[in-house]
Amino acid sequence: MASNPSKTFDRRKSFKAPPTIIDGGQTSQEARRIHALEEQKRKRNLRVDSSRQLDLFANLDLGLSDDEEDDNDQHVVREGVGGFANLLSPDDAAGPPPSATPSPASTTAGLPDTVDGAGAQKSKGKNKRRKKGKRKQSKWADKCMYAELLEMRDEPLWSAGSSYGSQGIVEDGLPSDLESGWVAVAPVPVGKRCLAVSMQNAGLSGIVSNTMLRSRLLGKVLLPPFPSPLPANTILDCILDERWKSTGILHVLDVIRWKGQDVAGCEAGFRFWWRDTRLSELPPWPLPRHTRPSPTRDPSDVFPYPATFLAIPYFTPTPLDVLQSTVVPSAHAGRVIQIKVPNPDYRARGGAGAGDEMDIDMSAASGDPSPPDVAAELQVDVQLRSDGIILYVAEAAYESGTSPLSAWIPSTIQAKEEDANSNAHNAINAGSGTESPLVTFNRLLQNRAAKAFGPITSHMEA
């Protein structure tokens, strides 16, 4: 029986479509966000009650009063049996005698693993192939809190007579409490999402490699372990800069654990404050030594590993004027920062650096050290490309996997999504097919501000 080509094509389109498009609009992103936040609060209350050990006091009894003791001749012992444990003899404390009827679990205890040699080799080979085919998933796989694409539209999501309209869901798709209940992180740089994990290693700080990067989806090691100023037992949600070999930048997006203290259960606003405070307390970190140039390597690649932990700016609260005047323009233009890079023309003059023959550029005409006016480090300005904005629910805790408690607003349209998911994209981002979600977001902000305060000129249009 041949399948309908139109149905197959529509099914392929739904792979990248948000849940609202797939289920026919029965559940909005706002409704799923409210449900996820309530579920987080419920689990948090259970953890708090469990840590307080309230079940130990559930059957607490203060005993009989003095009047009740006089009336009753019998005295009921209201203590546990733990106090009588020292009265038992060693023989009494032994386990029960063995049963004459063996249990089903013990019947195979004395049998050999295999019956005969041929069967043993055959089953062993099958088990080997079976174990070889199954790969154990890394414990770091899919541990990042991945944001959903913010669903935006100009027309109402449901008709006026629908039951969903009574839940206060905003028609444009933007969160109803956008101005007071969210944290905006922008500009999110272009790069690879990963986890920075610091380990407890013995040795001199800065010499022993104590940090490694794990990929977001599979948890694989992106870079070999390298030295960093991070304290032991720290986990950061990061973005590896697209040009990290020439800039040495590792962007810090969020903090999950710091020096053994779990911060993932805290609210988003506190986590970002904690992130900036702790990163500012890190000691100055020396740059890695410049290695000799290689024909197969770009001359601008001077960093063998990330050396700068740079926090991504965040904004809270997020009123409409701040979003239009600061957040959206920064996400549109990117960010310019000043960093330090090793000077390739510098050669050490005596001391600790004089013996680093492997780090000296021997291709120069003279092997003499550089003059005193040549610095070992250079200050350069770096332009960081923006990838968009990430919005976090201010009351939400950090959770693994894709979550509706964080929303993603990309600054550009991916080429693959234009062709494969054009219908779903137009349904979410109402406007022209070439309009980026960031432009749509800014236009919806203007519409909401115009309804509340009158027309407001956007800094993107100025």
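Start by selecting helix α11, residues 437-453, in this predicted model. Colour its buried positions: Pro437, Leu438, Thr440, Phe441, Asn442, Leu444, Leu445, Gln446, Arg448 and Ala449. As you look at how they are spaced, recall that an α-helix has 3.6 residues a turn, so residues three or four places apart point the same way. Now put a distance between the C-alpha atoms at the two ends of α11: they are 24 Å apart, which agrees with the 24 Å that 17 residues should span at 1.5 Å a residue.

α11 lies across β13 (386-393) and β14, and its direction makes an angle of about 85° with β14. Show the rest of the sheet, too: five strands, open, in the order β1-β14-β13-β2-β10, with mixed pairing. At the edges you will find β1 (145-149) and β10 (314-315), each of which pairs on one side only. Zoom in on β1 and β14 (residues 401-410), which are parallel partners joined over five bridges. A handy landmark here is Tyr146, standing opposite Thr402 in β14.

Which residues have the most contacts inside the largest nonpolar core? Select Leu174, Leu178, Ile389, Leu391, Tyr392, Phe441 and Leu445; the core they belong to has 49 residues. Strand β2 (residues 182-189) gives this core its largest share, six residues.

Centre on Leu391 for a close-up. Beyond residues up to four places away in sequence, Leu391 touches Leu178, Trp182, Val183 and Ala184, together with Leu405, Ser406, Ala407 and Ile409.

The cysteines come next. How many disulfides are there? The count is zero. Select Cys194 to see one case: its closest cysteine sulfur, in Cys238, is 5.5 Å away, too far for a bond because the cut-off is 2.5 Å. Is Cys194 buried or exposed? Cys194 is buried, at a relative accessible area of 0%, while Cys266 is partly exposed, at 25%.

Finish on strand β11 (residues 335-342), where you will find Val336. Val336 is exposed, with a relative accessible area of 55%. Leaving aside neighbours within four places in sequence, its contacts are Asp381, Val382 and Gln383.

Methods. Residues are numbered from 1 along each chain as its sequence is written. This is a predicted model: local features need pLDDT of at least 70, side-chain atom pairs count only at pLDDT 80 or more; totals for chains, interfaces and linings use all residues. Side-chain values use heavy atoms; hydrogens and water are left out. Two strands pair if DSSP finds at least two bridges between them. Helices (H or I, at least four residues) and strands (E, at least two) are DSSP runs, numbered from the N terminus. Contact means heavy atoms within 4.5 Å. Axes are lines fitted to C-alpha atoms, for helices over the stretch in contact, and angles run from 0 to 180 degrees between N-to-C directions. A nonpolar core is a set of buried Ala, Val, Leu, Ile, Met, Phe, Trp, Tyr and Cys residues joined through side-chain atoms within 4.5 Å. Buried means under 20% relative accessible area, exposed over 50%, partly exposed in between (1.4 Å probe, protein chains only). The expected span of a helix is 1.5 Å times one less than its number of residues.
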